[in-house]
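Dear colleague,

Please find below the structure that I am handing over to you. My notes on what was found in it follow directly after.

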Amino acid sequence: MLSIILSASVLGTAPTEIAQGADTYQGARPLTFEHQPTDSPPLAILCGRLFTMADSNAIFDPGMLLIRNGEIEYVGKPVDIPTDYEVMDLGATWVTPGLVDLHSHIQSGDWRDTNDMVMPTNEVFSTRPAIVSSNPNMRRACAAGVTTLFGIPGSGTSISGFGVLYKTKTSASYEEIVLADPGGMKVAQTNNPERDAGDLGATRAGLSWLLEEVNDRAIEVRDQGIFDPTLDNLRRIQSKELPVLIHCAGSDGVASTVRMWRGTYDTRSVLSHGSFDGHHAAAYVAKMGMPVNHGPRTFNMTYGIREGRFVNTSKAYTDAGVPNFSLTTDASVIPQEEFFLQGTMSAHFGSDPYQMLQALTINPAKSFGIEDSVGSLEVGKDADIVIWTGDPLDPRTSVESVIIDGDIQYSRAEDGQWF
């Protein structure tokens with residue numbers, strides 16, 4: 001049986017310290033993000049152990065959060081609580097930020113994916129019309145602590161289109177769940193988009209030509225100040241206004257992806273998957289400063305011919321120094337509610353547990369430039385909070401409650417176990 005991966009004994013050797021925090025409640029910073037109106041009263045949460053996942057690596061044991069108007073007002077050790085706050089005294093529970101997955105396809109509520117297979121590049125395509133807010137898949141994800149998703153098209157074509165960053169609220173409209181629309185672009189560099197359609201998409205060389213041709217046109221539009229509605233979102237990629245997530249696998253695919261999106265083009269790019277023997281290019285990925293969003297395969301056994309042994313590929317990327325390493329399910333390839341298990345299994349096979357918790361929370365947020373809103377528990381950020389019975393990487397742990405934008409979205413005591 002798995003040991004408790006983030007137990008006190010492990011934390012004693014992790015690169016973190018138990019923080020002391022402020023002695024008195026200091027009040028909130030000015031609001032940075034606007035939230036939907038809420039009827040929820042200000043809320044105080046008391047817990048046994050609180051992981052902020054902030055750059056300070058602060059852990060409060062015990063800890064406390066104060067929440068008002070959907071945002072965090074205070075985080076630290078317990079202090080006197082203002083009289084107008086509703087109090088949740090949660091005893092020995094553990095608290096983390098909501099989990100963030102940058103590669104998800106559950107937004108339509110079905111296993112089937114969203115693709116436009118007519119054109120080899122679909123730079124005007126969007127998942128927006130396919131999103132069914134608060135569908136059963138989103139609700140299960142929420143009940144497992146996953147609060148922010150990047151809902152993207154499939155990998156049928158080289159530029160799959162644009163996705164939406166959204167929250168997994170369990171009863172809400174599209175307007176109430178959206179965090180950013182568009183949230184970024186999805187590219188399929190290798191493997192899936194290779195097609196027998198009698199066009200340039202039949203080979204990897206042809207796929208690269210297609211990507212460069214349309215990106216060069218977007219740069220021309222950008223540099224000449226021309227408005228072209230068919231290229232405007234792609235222009236925003238080339239202007240670094242939006243991030244791009246690139247599906248690829250294998251060492252050749254990983255290397256060609258980094259070379260194009262961090263070498264030929266200067267973009268806010270994140271490499272997704274990087275599986276099979278892709279970890280052999282990890283040093284190059286790190287040198288080019290490209291984040292990796294790894295999974296759903298996080299180990300290499302069937303394809304580990306070069307090593308002749310089992311390889312923890314998550315550890316290979318982090319050991320190489322890849323910045324903001326994160327994990328993904330590619331849901332529904334792996335059910336979205338099993339996202340935490342990506343961290344569990346990587347830690348079980350030798351990855352640093354705290355790094356894997358970062359890979360589920362703050363690192364994906366940083367990769368996509370949404371760290372001012374989600375990914376850690378800090379004053380002024382969205383109150384997206386998960387309350388666990390214990391170690392969040394231990395599969396024996398249950399999620400007790402999930403709060404998104406200050407509102408309780410799931411309570412195991414009231415709603416029962418949803419997965």
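A polar contact, as used here, is a pair of N or O atoms within 3.5 Å; within protein, one must be able to donate a hydrogen and the other to accept it, and residues adjacent in sequence count only if both atoms are side-chain atoms. At the start of helix α10, such a contact brings a side-chain oxygen of Asp 352 to within 3.1 Å of the backbone nitrogen of Tyr 354.

This is a predicted model, in which local features need pLDDT of at least 70 and side-chain atom pairs count only at pLDDT 80 or more, while totals for chains, interfaces and linings use all residues. Residues are numbered from 1 along each chain as its sequence is written, and side-chain values use heavy atoms, with hydrogens and water left out.

The protein has 12 helices and 21 strands, where helices (H or I, at least four residues) and strands (E, at least two) are DSSP runs numbered from the N terminus. Of its 419 residues, 57% count as buried, meaning under 20% relative accessible area with a 1.4 Å probe and protein chains only.

Helix α10 (residues 353–360) is largely enclosed by the rest of the structure, because 7 of its 8 residues are buried; among them are Tyr 354, Met 356 and Leu 357.

In helix α2 (residues 136–143), the buried residues include Asn 137, Met 138 and Cys 142, and what covers the buried residues of α2 includes β10 (146–151), β11 (159–167) and β20, contact being heavy atoms within 4.5 Å. At the start of α2, a side-chain oxygen of Asn 135 lies within 2.8 Å of the backbone nitrogen of Asn 137, and just after this helix Gly 145 takes a positive phi of about 90°.

Strand β19 (residues 385–388) is covered on both faces, with Ile 385 and Ile 387 buried on one side and Val 386 and Trp 388 buried on the other. In a regular strand the side chains alternate between the two faces of the sheet. Strand β19 pairs in the antiparallel sense with β8 (residues 94–97) over 4 bridges, pairing being counted if DSSP finds at least two bridges between two strands, and Ile 385 is the bridge partner of Pro 97. Another 4 bridges join β19 to β20 (residues 399–404), also antiparallel, and here Val 386 has Val 402 as its bridge partner.

With kind regards

Technical notes: Buried means under 20% relative accessible area, exposed over 50%, partly exposed in between (1.4 Å probe, protein chains only).
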